Amino acid sequence: MLVSAGPAETFGYTSSSKLQLTSAAIIAREGPPSRSHVLRIGKYLLLAACAAVFLAGCGRDKTVEDAGPEALYQKGQEAMDGSNYAGAIQYFTALSARYPFSPETRQSQLDLIYLHYKSGHPEEAADAAEQFERENPTHPRVDYCLYMRGLISFDQAPNVLEKLFRVDMSLRPPKDTMKSFSMFQDLIRRFPDSEYVPDARQRMVFLRNRLTQYENHVAEYYINRGAYVAAVNRAKYALEHYPGAPELEKTLTIMADAYDKLGMQDLATDARRVLTATYGQKAGSEERAAQL
């Protein structure tokens, strides 16, 4: 179940643990290669084979083997409810292999997104979400697929070395951040009434600021090397694409500085006027003091 997102535009989202997904959140409505296509096919064939072996070793459970897709789905649901994610994946994979066109199979494909995510396999979860959206473009749960793809990229954490050396992630090209922002943006645009929109909006506030930090870093790099026009362009990009981000205060300061160095005093004055009007007299005073 989603936790209330609070005010729509408040910065400070720090933990993905605020979202607690359950199987009930996934099974809301019922409808009718991880890095390449070849690898994805091979992966699912391997999973299907493992699932077949798993079912064969279940004491010849005739209820599961003979009762059809309903029984298989029920077994997978029970495993998922008991946090036996590996077992649930095997049941649902077997269900997809044996009854590819059943309603239970379609629901199980949505469940597999959640199961891979909870099992710590983000690439498999993203692949499953993308595949479901591609094969069922008009399904009412496509909003869930978009949300999960955004969440998976949002959750990409620094690796062990980055944590050990306290690497400033704002200095890295924000590939996953941009992907997550794009997915949430697409969700809000296509499904404005979705139950996932409030949480997506709150996450986008955090992501917007992260992206602005990176643009500021690049703009400062250009200023330090005398590429003032390039610095202005990066600052303009941040102002146009990430409105409302707290880091834009620094963006306006960078823009004013770049205009000063270009000798464009009127534009520098305009940037400072916007800085003062948006962030208060103190921000404008601090910026002017830094230039002295």
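Me: Why does Tyr-85 count as buried?

Reply: Happy to walk through it. This is a predicted model, and in it Tyr-85 has a relative accessibility of 18%. Buried means under 20%, so Tyr-85 counts as buried.

Me: What makes the pair of Tyr-85 and Tyr-114 edge-to-face?

Reply: The angle decides. The planes of Tyr-85 and Tyr-114 stand at 90°, and angles over 60 degrees count as edge-to-face. The rings also qualify as a pair, because the limit for the centres is within 6.5 Å and theirs are 6.5 Å apart.

Me: Why can this pair be said to tie together parts of the chain?

Reply: Tyr-85 lies in helix H5 (residues 85-98) and Tyr-114 in helix H6, so the pair links parts that are 29 residues apart in sequence.

Me: Is Tyr-114 buried or exposed, and how do you know?

Reply: Tyr-114 has a relative accessibility of 6%. The cut-off for buried is under 20%, so Tyr-114 counts as buried.

Me: What makes the rings of Tyr-221 and Tyr-222 an edge-to-face pair?

Reply: Their centres are 5.9 Å apart, which meets the limit of within 6.5 Å. Their planes are at 65°, and over 60 degrees counts as edge-to-face, so the pair gets that name.

Me: Why is H4 called roughly antiparallel to H5?

Reply: H4 and H5 pack at an angle of about 160°, with their axes 7 Å apart. Over 145 degrees counts as roughly antiparallel, so that is the word for H4 and H5. The crossing of H4 past H5 is left-handed. Among the residues that meet are Tyr-73 and Met-80 in H4 and Tyr-85 and Phe-92 in H5. By class, this contact has 11 nonpolar, three polar and two charged residues.

Me: What makes H6 roughly antiparallel to H7?

Reply: Their axes cross at roughly 155° and come within 7 Å. With the cut-off over 145 degrees, H6 is therefore roughly antiparallel to H7. Here too the crossing is left-handed.

Me: Where is Pro-140, and why does Pro-140 count as partly exposed?

Reply: Pro-140 sits in the loop between helix H7 (122-135) and helix H8 (142-154). The relative accessibility of Pro-140 is 35%. That value falls between the limits of 20% and 50%, so Pro-140 counts as partly exposed.

Methods:
Residues numbered from 1 in each chain as written. Predicted model: local features only at pLDDT ≥ 70, side-chain atom pairs only at ≥ 80, totals over all residues. Heavy atoms only, no water. Phe/Tyr/Trp six-rings, centres within 6.5 Å; stacked < 30°, edge-to-face > 60°. Helix = DSSP H or I, 4+ residues; strand = E, 2+ residues; numbered from the N terminus. Buried < 20%, exposed > 50% of the residue type's maximum accessible area, 1.4 Å probe, protein only. Axes fitted to C-alpha atoms, helices over the stretch in contact; angles between N-to-C directions. Parallel < 35°, antiparallel > 145°, perpendicular 65-115°, else oblique. Left-handed = near helix turned anticlockwise from the far one by under 90°. Contact = heavy atoms within 4.5 Å. Nonpolar A, V, L, I, M, F, W, Y, C, P; charged D, E, K, R; others polar.
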